[in-house]
Amino acid sequence: MMESLPMAAWVLAIPALPAAAWLLLVLGGRRAAPAAPWLATSAAALSALAAWVVFLERPWEGIPGGIWEGPWSWGFFLSSGGDGIAGLRATLSLDAISGALLPMVGTVAFLVHLFSVRYMRTDPRPGPYFAGLALFTASMAGMLLVENLLFFFVFWELMGFCSWLLIGHDSLNPSSPRPEAARAARKAFLTTRVGDLALLLGMVVLWKGFGTLSFTELAAAGGSAGSPPWLLAGGGLLLLGAMGKSAQFPLHVWLPDAMEGPTPVSAMIHAATMVAAGVILLVRSAAFLPDEILLAASVVGALTAFFAGTVALVSADLKKVLAWSTISQLGFMTAAVGVGGPGAALFHLHTHGFFKAGLFLAAGSVILACHHRQDLGGLGGLRRRMPMTWVATLVCAAALSGLPWLSGFHSKEAILSLALDGAALGGLPALTACLLFVAAALTPVYMFRMVFLTFHGEARSTEAREASEDSWLVRLPLAVLTVLAVVSARFWLFPVEEAPASEHWAGVLGTTLALGGVILAGLLFLLPVLSPAAFARFFGPLTGLARERWKFDALYAATFPPLFRLGGRAVDGIDSRLVDGLAHGIGRMAEAGGSAFRKLHRGRIQTYALLTLAGLLLLSVTLLLQGEAG
Amino acid sequence: MTGEVLAFSLFSAMAVGGAGLALFHRSAIHSAFALLASFLGVAGLYLNLGADFLAVTQVLLYAGGILVLYLFGLMLVPPEGEAPRPGRRALALVLAAAPVAIFLIAFLARSSWGDPSRLPEPEGTVRGIGLALLTPDGWLVPFEYASILLLAALVGAVHLARRSAPKDDSP
Amino acid sequence: MSLVAYLVVAALLMVAGLAMVASRRSLIHVLIGLELVLNASALNFVAFDRYSGGGQEGQLAALFVIVVAAAEAALGLAIVLHAYSSKGSIRPDDFRSLGDS
């Protein structure tokens, strides 16, 4: 399936340009640092341009199988005839999924780069920062452009590495190092590692079972396989991997802490790259996952959506609210795959990418203006001082809440209608639908709580009183993302599953809940009609539970360290007794042999002559036994 | 018993007997003279093998040169006159005799080796050896190397022996 | 006479020389033993040369063995002299300062 080179060049440019920028910055080291912001940003801009060109050309359409393949491929080492086993072949391939998502990824990445130019202006280490950002962009694009789970995993891991680098960026600030950032980076890395390990094991199981890791071949083989135990295990492991990457309950703990990273990085992680990987993995493997795993995905997703929503309601930090809302929305996407709507999941990923990036960049704008003040108690009244940021936040929050005519409405409605459709089965699907609707009702409450507390009312700190809008580098990305948050549903091309029977009711119910949520938030936080404190008391212990993030962090802190200590002690015992014992034993053997042989080496040359004679004897005996003597 | 066998018996008895005497006699001077007998026996064996030039060289160099060197050495170093350590000598003899026994067995097992009936008539070898040693595509280069080796040994020996005499020479 | 007879003589010479090297308590005896070993090898060369028919390579090799033996004797005796003047002894067991104990 060869195409003309220009198209291949466009496709290759999407990951290759940021990767080249990364390479230049890494090789350039300190000398490249002054050029870093604009180098990485222009690479990201060209990459986004290439993504849009590819999107408009749609080279995958009209090709049987719907996958455009670049003229290059690389057979893996398990070669069978030069080309490698097809199941382990790296190709530059483009299908409807990657084609539909690449413009979002490219655009958001570019805008985040642009925003970072201003946001990181005073940062002492722009080189590593922009290098990490460029590699992040390249890895995400690369992940979308491979058709094989193995290489998908390579880029998946690269993204984990980049997020580790970027979340921990501030910890190496020479003037004011922040160890919290390092801790958060470590937590993110280790928590996602649990999922990554599961994914790796799942890949092994799938390879054993299907003999291929190509998504297309897996999908073709999975349909007829039924659900034997090994497929259940492999699918479960895959789901676990996706849960780790996409911060699904109970592996969600890293994402709120990842807020320690610079705010544009949060936008990158939450909107365009890192957490999207898990959803994309689920979507790509939905075709061969057994029904039981899909059901589990829907329950996990719905539970996450609900639980994260409750925590977002009580978070006291601007960025934390956004972080928990991301977890909640990722729950929607995971549940969407589970209820048979991978298209809807991708659709929501697409729209969510734009407005969540807008929200994070707006939060970054607030943080810039208020000199790194980001607790909701210290903000307020920014509406007049920062109208641009206010409008952006308002529109994006409305889109996230699923208010009509905005992009989020369409994607969320698709998910809700599918869930409602499945709810007729009763049991777990019904529970899923219930949880999703409750989560959908929570969304506007926490979003508009954030908006009202930040931008309305009185300014509650001097920083907030003196805030003002920043340069065009901040305002341009905000404006673009605001527009995209409204219209992004219009340029979605991947087919979204439809549930005609429930569509109407889901739309009505969703809109009602969204509007009701906005009104409730207004009553609580904008107009002094209802008292938030009384409201919190009304829910009693639930509020406390939500404030403590349902005690998951405490639970993990109480269980894992002792467990690891126990395991560590066991391993230490094995190491010091068995391994060290073996090593020392070998050492002692050599020592004993040495002192035995030393007795032969007393420097008496005549002893050596005797040994020579003994050697002669040995040699002649050997020759005689071989029948060659004489 | 042909003359050849007779000569072989005589010369090999000389060679082996001399060697045995050198091995067992406690006096160094006696050992040296036993060595002379052994050298002469080997020279006779060379004659038996048709290597006349080599036999003469053996007598001249070994019996005439090297042995005199040993005698000088013995005179310069006071004889300590001690016997070999009995245990050690027994061990050495056992260790040395065993391979010989094995070789003998192996030789006897292949007694047809080196059939004497097809031997060419011995002829003078001086001319052949001289030509071989002095033609460039023959042994000329090894010959020159040998002369360099001898020169180096000579200088080295003089140096070593000279340094030993005055004790206050360079450290 | 067969080749084997000469080889047996050479083997006996060799063994006597080696036994001297290994057992005698004077460096001069050790050197005498080495001369016997060299002689044995030279005898082997000549005998094989004779019985392999034609050519004089074996004799030439024996000639070189004699040269080496001469050099060895000169140097060996010089070393013995030197050793005696520095240690006052020519017993091999006294020269082991590189050894262990």
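Modeller: We take the helices, then the cores, then one interface.

Modeller: This is a predicted model, where local features need pLDDT of at least 70, side-chain atom pairs count only at pLDDT 80 or more, and totals for chains, interfaces and linings use all residues. Residues are numbered from 1 along each chain as its sequence is written, with chains lettered from A and ligands numbered from 1 in the order in which they are written.

Colleague: What span does helix H18 of chain A reach from its first C-alpha to its last?

Modeller: Helices are DSSP runs (H or I, at least four residues), numbered from the N terminus. The expected span is 1.5 Å times one less than the number of residues. H18 of chain A covers residues 428–455, 28 residues, and reaches 40 Å, close to the 40 Å expected. Just after H18(A), A:Gly457 takes a positive phi of about 70°.

Colleague: How many residues of H18(A) are buried?

Modeller: Buried means 20 or more other C-beta atoms within 10 Å of the residue's own; exposed means 12 or fewer; partly exposed lies in between; C-beta atoms are placed from the backbone. In H18(A), 23 of the 28 residues are buried, so the helix is largely enclosed by the rest of the structure.

Colleague: Which residues of H25(A) are buried?

Modeller: An α-helix has 3.6 residues a turn, so residues three or four places apart point the same way. In H25(A), the buried ones are A:Gln606, A:Ala609, A:Leu610, A:Leu613 and A:Ser620. They fall within an arc of 105° seen down the axis, so they line one face of H25(A). That arc is taken over the directions from the helix axis to the C-beta atoms. The face turned away carries exposed residues, including A:Gly615, A:Leu618 and A:Thr622.

Colleague: Which residues have the most contacts inside the largest nonpolar core?

Modeller: A nonpolar core is a set of buried Ala, Val, Leu, Ile, Met, Phe, Trp, Tyr and Cys residues joined through C-beta atoms within 7 Å. The largest has 205 residues, and those with the most contacts inside it are A:Ala134, A:Ala357, A:Cys396, A:Leu436 and A:Leu481. H18(A) gives the largest share of this core, 17 residues. A second, separate core of 85 residues includes B:Leu95, C:Ile32, C:Ala74 and C:Ala78.

Colleague: How many residues does the contact take from chain B and from chain C?

Modeller: Two residues are in contact if their C-beta atoms, placed from the backbone, lie within 7 Å. Chain B gives 71 residues and chain C gives 58 residues. Chain C itself has three helices and zero strands.

Conventions:
Helix = DSSP H or I, 4+ residues; strand = E, 2+ residues; numbered from the N terminus.
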